[in-house]
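My notes follow as numbered points, each on one topic.

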Amino acid sequence: MASADRDLRLDFFRGLALWFIFIDHVPSSVVGSLTLRNFGFSDATEIFVFISGYTAAIVYGKSRDQHGSGFMTLQVLKRCWQLYAAHILVFVFFVAQVAWVANRLTNASILEELNVSEFLENPTQSLVQALLLRYRPVNLDVLPLYMALMLALPPLLFMERLSRRLLLLGSMTLWLLVQVFKWAFPVYEDGSVWYFNPLGWQLLFVIGVLCAVSRNDQTPWLRWRPWLGALAASWLVFSLLVCVAWKYPVLNDLIEPYIESWLYPIDKNNLGEARVLHFLAIAYLAGHYIRADSPMLRLTVLGPVIRCGQHSLYVFCLGILLSFVAHILLVEFGRGILMQLAVIAGGLVVMSGLAYLLHWYSVKSQERQLRATNPSVMSVVLTSLTLWVAQAALAPQPVMAQTPATAASPNPERNLAEREQRCSIPDELLPPKDALPAFAKALRDRAASPSLVVLSPQTGGIRPGVERPGIDRSGFDKIATYPVRLEAELSSVLAVPLARRRLMVDVIGKPRAAT
């Protein structure tokens, strides 16, 4: 469940990016003409990378402040391992479904189209290269990029503490060098490199980190400036006109001579400058006009998008697999508009259904933790000891019958010596007769009114009959904590033998109580 101070804008735009990625991975779709890449130079990948840096800085920056850099680094490595495991799992499923469909339809061109034929021809070498992230079929490039950027997060947060300006300057310098010298990581195929070059895409990730750590500092460079907003809007309009011109050759021939020398190529592999400026313009305007408390984010119709953004890793992996299923369905049953709408809508419904299922499971897990009795060891021992003392004090003293050997023994001194020899435990190690002597004495005193006060290491809850402003009494059974339940249990157990006497049982929830 989202916390009260959670910025739903992050979940909404990340969920929207996941939807766009799924739609863009379905070839020749009419719905695909409505995604972000058709209206400007950037697409959903920029949104995903920027928000990943933003949220990572918030989550792991808080962990660093609370537990130290070492613990935070281990958490980042754990997250990278989860991403790696998810990528390998998606790789296996993707290759399996592509190979099965190609065999089923006797269509080997699918293997070539999705870069799976290499794995089937040379499985051993391809598998090793896949584990090294150097061999990837089509559409499996985002998670390796995310892993590489997350591995750089601990040193980025360290540099951010030293100097944010120096971090931004270093990131921009590396990005410029990549644009000039085309530095990149090689992949399994000869002459090929990573489709998303982390050395270039790190710029957006770093900008996301800096925006997150500066969000509450009233940083001047994040303030709204009308002239800068107008400049951003102008760039978005220009990019829209260029994208529209690409679809109409006559219009493209008119404007291309004026922009070709300084705009092209619009490099996606290394994150070219046109893409960076286009996304930053979108982010600047969206951050100003869509506030964190915007009523739009509470609309029911946007719920599926937000839920997908809250469970991005699972939804992304499912979307990769569903995009191939959608592609095959369109190949086999035609590419009519109704069929395209049905296939795309079906995929989005399945992705949203998974997000809602994960949300439901998360909520139920939290409710189970609240309802579950989870006392500390000290509380368990104290409860057991209290009940044992009460039972022992109230029970009638039994009359011990003499055994035949004792009754017939003619030598009592010899019997006493044998008992002393058998019970050789020192007196200082023997337990006291009454573990709670004052309470036991009050129980034995028929005229007294016993009182039992127990300190519990866990915090208290809401007791029946006690009105608390702003608290719904109908949810008492869900929010009553362990001290309240312990008090009720002790009162119930002791009330039967003390039915005619006043009994006071009070369990006080006190954090870090020693008794």
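1. Helix α2, residues 44–67, is mostly covered, since 18 of its 24 residues are buried. The end C-alpha atoms of this helix lie 34 Å apart, and at 1.5 Å a residue its 24 residues should span 34 Å, so the two values agree. At the N-terminal end the cap is aspartate 43, which places a side-chain oxygen 3.0 Å from the backbone nitrogen of threonine 45. Just after α2 comes glycine 68, with a positive phi of about 100°.

2. Everything here rests on a predicted model, and its confidence should be kept in mind throughout. The average pLDDT of the protein is 83, and 72% of the residues score at least 70. Two stretches call for particular caution. Over residues 398–409 the pLDDT stays under 50, and the model has three contacts beyond four places in sequence for that stretch. Over residues 466–479 the pLDDT likewise stays under 50, although there the model has 17 contacts beyond four places in sequence.

3. As for the overall make-up, the protein holds 22 helices and two strands. Of its 515 residues, 41% count as buried. Among contacts between residues at least 6 apart in sequence, 75% join residues at least 24 apart.

4. Which residues touch the most other members of the largest nonpolar core? They are Phe94, Met150 and Leu153, in a core of 97 residues. The helix that gives the most to this core is α3 (residues 69–105), with 14 residues. Apart from this core lies another, of 11 residues, including Phe41, Val242, Leu263 and Ala281. As general background, nonpolar side chains in soluble globular proteins tend to be buried together.

5. The surroundings of methionine 150 and its neighbour in sequence can be read side by side. Leaving out residues up to four places away in sequence, methionine 150 touches Ala56, Tyr60, Val76, Arg79, Cys80, Leu83 and Phe205. Leucine 151 belongs to helix α7 (residues 142–151), and under the sequence limit of four places it touches Leu77 and Cys80. The C-alpha atoms of leucine 151 and threonine 73 are separated by 9.0 Å, although these residues are 78 apart along the chain.

6. Is cysteine 80 buried or exposed? Its relative accessibility is 7%, which is under the 20% cut-off, so cysteine 80 counts as buried. Cysteine 308 is buried too, because its relative accessible area is 0%. With a disulfide taken as a pair of cysteine sulfur atoms within 2.5 Å, the count for this model comes to zero.

7. The side chain of aspartate 7 makes a polar contact of 2.9 Å with the side chain of arginine 9. Aspartate 7 and aspartate 293 are 286 residues apart along the chain, yet their C-alpha atoms are separated by 8.2 Å. Further on, arginine 14 is part of helix α1 (residues 8–24) and counts as buried at 11% relative accessibility. Beyond four places in sequence, arginine 14 is in contact with Arg6, Phe48, Ile51, Thr55, Gly309 and Ser312.

8. Serine 171, in helix α9 (residues 164–181), has a relative accessibility of 4% and therefore counts as buried. Not counting residues up to four places away in sequence, serine 171 touches Gln202, Leu203 and Val206.

9. Some backbone features deserve a check by eye. Serine 28 has a positive phi of about 55° although it is not a glycine; serine 28 lies in the loop between α1 and α2 and counts as exposed, with a relative accessibility of 58%. Lysine 182, which is not a glycine either, has a positive phi of about 60°; lysine 182 is found in the loop between α9 and α10 (198–213) and counts as partly exposed at 47% relative accessibility. The peptide bond from tyrosine 264 to proline 265 is cis, with omega near -5°, and proline 265 lies in the loop between α12 (249–263) and α13 (273–289).

Notes
Residues numbered from 1 in each chain as written. Predicted model: local features only at pLDDT ≥ 70, side-chain atom pairs only at ≥ 80, totals over all residues. Heavy atoms only, no water. Buried < 20%, exposed > 50% of the residue type's maximum accessible area, 1.4 Å probe, protein only. Helix = DSSP H or I, 4+ residues; strand = E, 2+ residues; numbered from the N terminus. Expected span 1.5 Å × (residues − 1). Polar contact = N/O pair within 3.5 Å; in protein donor to acceptor, adjacent residues only side chain to side chain. pLDDT = per-residue confidence, 0-100. Contact = heavy atoms within 4.5 Å. Core = buried A, V, L, I, M, F, W, Y, C linked by side-chain atoms within 4.5 Å.
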